[in-house]
Amino acid sequence: MSTNRFLLKGATLADASSADVLIVDGRIDSVSNQISDAAATIIELKGSVILPGLVDLHTHLRQPGREDAESVLSGSRAGAKGGFTALSAMANTSPVADNAGVVEQVYRLGQEAGLLDVFPIGAVTQGLKGETLSEIGAMADSIAQVRTFSDDGNCVSDPLVMRRALEYIKKFDGVIAQHAQEPRLTVGAQMNEGEISSILGLKGWPAIAEEAIIARDVLLVDHVKSRLHICHVTTAGGVEIIRWAKARGINVTAEVTPHHLLLTDDLAKSYDPVFKVNPPLRAQSDVMALREGLAEGVIDIVATDHAPHTMETKECEWQEASFGMLGLETALSIVQKTMVDTGLMSWSQVADRMSTAPARIGRYLNQGQNLAVGSAANLMVVDPSRVWTVDRDLMASKSRNTPFHGFELPGVITHTFFNGLPSFMDGVLLESGGKS
Ligand SMILES: [Zn+2]
């Protein structure tokens, strides 16, 4: 048995066909029926689905600065367990990833962890302050070759700064990922503005605060002919604006998080800050519009917005608690539950929304290839017929702030292969797996 030849037998592929997959020296060697290879490690996968390795365009890894909440290594472990072969590390670290030094540090830490690709995102503005552009060109030219820029956590609210950023990134085919939150309309906001916020007496976060920025930015990106990505869309109105923009041929893509596909602002009634998130959980009508938008392709991708926080910042009064939820280890199960088991999407569409499309938006060349012969063997295996119960104490993440603790979810991930070697197999993380 060889350590660089793996034969995956009898699984269903994303397109619903059944085939064997042979991996040799890190690449997909062949995909066809009844492959035999006496030298390969054989893995029987009848009843399971093989998808291309999942690609997250929106992950908070917290390093440098908040390694008590997450690190590049612990986040990579959570990612590999969740079926991911690539993560995009958001720039709101401490110090902020607004220069080549920090993005190169994060990139190297990802390589050292070796469990998946870590692609750093660069800040749009210095210190995420929204005033002066960061060292965008230096980050693009660095070894991390940053192509995605975002002030996520903050909105680039100044339209002139946003215009300059959109213009600047054109020369290297970059993209600005906007956290759409009009700051003046959300001062002190704690949850979705609506019936429940008035019952609870918590300051509301109106849908228009998100939609006004999405509308402005699709017009801006059309004007300067650049590339715009909208982070975590949460409102039916936001989906409508993006649908309109795409119909006009405007170059915009958008993401939805798993938690916004399932949870609603009703959960705030518990006053449990595990449900406090930015942007906030919305109404059931928004959830249904987001599902439709994702199925239709108006929303291009699912991104986790994995946001680890320590106990101290989450297990306190709602008003004081940090915004954010874990996402990597539950993402695929939530998508299966909300989109596949409901008949809204096929596994082939899941492969697109969670791997191929995010890899295309981020310009991640070795990702999202979906078992193309000769491509890097980045793939994952899920058994959709099995269920599991989420236990926050069994997570690979350093933090515990999952809103799904105790949920019984469909879809057990059994394998993740990164560059041809298992990074996660039968419940075990293989730390040296990716270091081929
Ligand atoms: Zn955000």
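The structure is a predicted model, in which local features need pLDDT of at least 70 and side-chain atom pairs count only at pLDDT 80 or more, while totals for chains, interfaces and linings use all residues. Residues are numbered from 1 along each chain as its sequence is written. Tyr271 is located in the loop between helix 8 (258-262) and helix 9 (284-296); helices (H or I, at least four residues) and strands (E, at least two) are DSSP runs numbered from the N terminus. Although Tyr271 and Leu200 are 71 residues apart along the chain, their C-alpha atoms are separated by 8.8 Å.

The domain assignment divides the protein into domain 1 (5-50 + 375-429) and domain 2 (52-362), with bounds taken from an automatic or database domain assignment. A distance of 26 Å separates the C-alpha centres of domain 1 and domain 2. To their contact, domain 1 contributes 29 residues and domain 2 contributes 41 residues, two residues being in contact if their C-beta atoms, placed from the backbone, lie within 7 Å. On the side of domain 1 that touches domain 2, at least two residues each come from strand 16 (379-389), strand 17 (408-418) and strand 18 (421-425). Strand 17 provides the largest share of that side, six residues.

The axes of helix 6 (residues 207-224) and helix 7 (residues 236-247) come within 9 Å and cross at roughly 10°. Axes are lines fitted to C-alpha atoms, for helices over the stretch in contact, and angles run from 0 to 180 degrees between N-to-C directions. Helix 6 is therefore roughly parallel to helix 7, a term for angles under 35 degrees. Among the residues making this contact are Ile214 and Val218 of helix 6 and Ile241 and Ile242 of helix 7.

Strand 6 and strand 7 (residues 84-89) run parallel and are joined by four bridges. Ala89 in strand 7 is the bridge partner of Thr59.

Conventions. Parallel < 35°, antiparallel > 145°, perpendicular 65-115°, else oblique. Pairing = 2+ DSSP bridges.
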